[in-house]
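Please look at the sequence and the three-dimensional model together while reading this report.

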Amino acid sequence: MGFTFYIEELRVFFPYDSIYPEQYRYMCELKRSLDAKGNCVLEMPTGTGKTVTLFSLITSYQWAHPEVGRLIYCTRTVAEMSKALEELRTVINFRVSALAKERAQKALANADAIDLDAKEPTGLAAGEILAVGLSARRNMCVHPDVSKEGDRERVDELCRQLTAPWAREKGQKESLCTHFEKYEAALSHQSQLLDTGIYTIEDLRAKGLEEGCGWCPYFAARRLIQASNVVVLGYPYVLDPKVSLASQLGGAPSLPGGRPGPQGANSSEPSIVVFDEAHNIDDVCIESFSVKLNRQRLDQSSGNLTRLGNEIDRVKREDASRLQDEYKRLVQGLRQAGQIDDQVAEQLQSPVLPEDLVSEAIPGNIRRAEHFISLLKRIVNFFRRYLQVERAQCEGPLSISHKLEEDAEVDSKSLKFCHERLRSLLNTLRVSNLDEFTPITKVADFVTLLGTYAQGFTIIVDPYPEAQGIYDPTLMLRCLDASIAMRPLLKRYQSVVLTSGTISPLEMYPKIL
């Protein structure tokens, strides 16, 4: 079953006995784009084998060109992710068996010159690859109690309570997550965690429950993507700045034999990114940069600030040095100090693109925790007053920033740092239930985007968002330019491929992205 053929000089391993003309044309266009190290938009009708065509061509290209980096394959749902990995398994199994047959035939032809001490190649040399899927904790957790929770936010909170550094320092052995502890132990012994192979989310969960492995599938998958040849994950891990850094895509490899990765968000890498079912990718880009607030969320934000203020007072009485240490780190600058622990960094990524983050130190007027809380209170009160409208209105970011400066005495420079400063404060106060502080985090996201981007956004206030007659004013910071999310990807990765069964008109997508 399956055959190999050539497209120009490239040998393609195709796992089925026949190929549609559409698949061959699709491969030719895709290869032309990869040769040019460019980007492309490709359409092929649904049901004609688009996924297997993509994997056959790109994995064959990686095999022929070892300098090409990993394939990052983005899907919309977990079900599509598993299906894609199964297709990839079919392609790679065929390649391994085809190469093994060729070696056997060569051995027979050169029977006199057989080296008895020569070992049969394994792993990457035999045509195998390492491929993993990555999803949210809720889909990957194997902890006996936490995995029973159905709510994503609840799973994240319980996981953090078991794995945060301060929780592990204070906790008894019985109260810790044994799977996370096994993962940490495996890393400390420089374990490779997994051999080459194709691992779906179900496969990783099964490994997490095995006696011999037993490590946490979620944290293992995040680590494994640094050494993988193929990574399959959801759109947000690549497009949404709040979660894209959390997946450590393009980070330095932590596994033996891992591919050296770029050291920084702006570094370029020779990887290929594919967005499957990309006909609505512009909507995904816009949503990832849009924030919505209403009166209920602002009321909850006030409650968050009251609680944070009380917590600051308590820490001042019991452990004043902790706040003082944070102040010193903020003077040095957040990135240089490197004080944010991985757990907070992963759950509270900045809403702005890495290339747009300001690298200077936090402004002096919000370094002290109590001063920062006071500033956030003024911002929340300003938005409360701003929401008191009777008809819909629309303004630009610069106009709102000017009003904030006039009415709430908040300078625009401080706005840029609100998210980063809040993240540092939650880390210092050792808050484990971060989802409880989602309202004030949304406010910080809103003003951080407001202070960072002067163009490509608009602020909309709608007093009747749901139905005429029901007064529930909503404040939305809406991104108008999908290219803001796509631009860093096009700079960073060697090739970006958009593909779908219905992505017409093709010429529109390069213009809007």
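A residue is called buried when its relative accessible area is under 20%, exposed when that area is over 50%, and partly exposed in between, using a 1.4 Å probe and protein chains only. This is a predicted model, in which local features need pLDDT of at least 70 and side-chain atom pairs count only at pLDDT 80 or more, while totals for chains, interfaces and linings use all residues. Residues are numbered from 1 along each chain as its sequence is written, and side-chain values use heavy atoms, with hydrogens and water left out.

## Aromatic rings

A pair of aromatic rings is described by the distance of the centres and the angle of the planes. Here, rings of Phe, Tyr and Trp (its six-membered ring) pair if their centres lie within 6.5 Å, and planes under 30 degrees apart count as stacked, those over 60 as edge-to-face and the rest as tilted. A search of the whole structure by this rule gives 16 aromatic pairs. One of them joins Phe14 and Tyr16 in an edge-to-face arrangement, with 6.0 Å from centre to centre and 75° between the planes. Phe14 has a relative accessible area of 1% and is therefore buried, whereas Tyr16, at 30%, is partly exposed. Another pair, formed by Tyr183 and Phe219, is tilted, with 6.0 Å from centre to centre and 35° between the planes. This pair links distant parts of the chain, since Tyr183 lies in helix H7 (residues 178-188) and Phe219 in helix H9 (residues 217-224), 36 residues apart. Tyr183 is buried at a relative accessible area of 4%, and Phe219 counts as buried at 6%. Phe14 and Tyr16 also belong to one aromatic cluster together with Phe3, Phe5 and Tyr24.

## Strands and a helix

The helices (H or I, at least four residues) and strands (E, at least two) named in this report are DSSP runs, numbered from the N terminus. Two strands pair if DSSP finds at least two bridges between them. Strand S12 (residues 474-479) takes part in two such pairings described here: four bridges join S12 to strand S9 (residues 291-294) in antiparallel fashion, and six bridges join S12 to strand S11 (residues 457-462), again in the antiparallel sense. Within these pairings, Asn294 has Thr474 of S12 as its bridge partner, and Phe457 stands opposite Cys479 in S12. Strand S12 is mostly covered, with five of its six residues buried.

How many residues of helix H21 are buried? The count is 13 of 15, so H21 is largely enclosed by the rest of the structure. Helix H21 (residues 438-452) reaches 21 Å from its first C-alpha to its last, which is close to the 21 Å expected at 1.5 Å a residue; the expected span of a helix is 1.5 Å times one less than its number of residues.

## Empty space inside

Rolling a probe the size of a water molecule over the atoms shows where empty space is left. A cavity is a set of points, on a 1 Å grid over the protein atoms alone, where a 1.4 Å probe fits but cannot get out, and its lining residues have an atom within 4 Å of a point. Grid points are joined across faces, edges and corners, and a volume is the space filled by probe spheres set on the points. The count by this rule is three cavities of 30 Å³ or more, and the largest cavity holds about 130 Å³ of space. Its lining has 17 residues, of which Cys141, His143, Cys159, Cys177 and Cys216 lie nearest the centre of the largest cavity. Helix H4 (137-140), helix H5 (152-163), H7 and H9 each supply at least two residues of this lining, and H5 gives the most, with four residues.

Ser228 is found in the loop between H9 and strand S7 (230-234), and Ser228 is buried, with a relative accessible area of 0%.

Notes:
1 Å grid on protein atoms, 1.4 Å probe; cavity = no way out; pocket = protein on both sides within 12 Å on 5 of 7 lines; lining within 4 Å.
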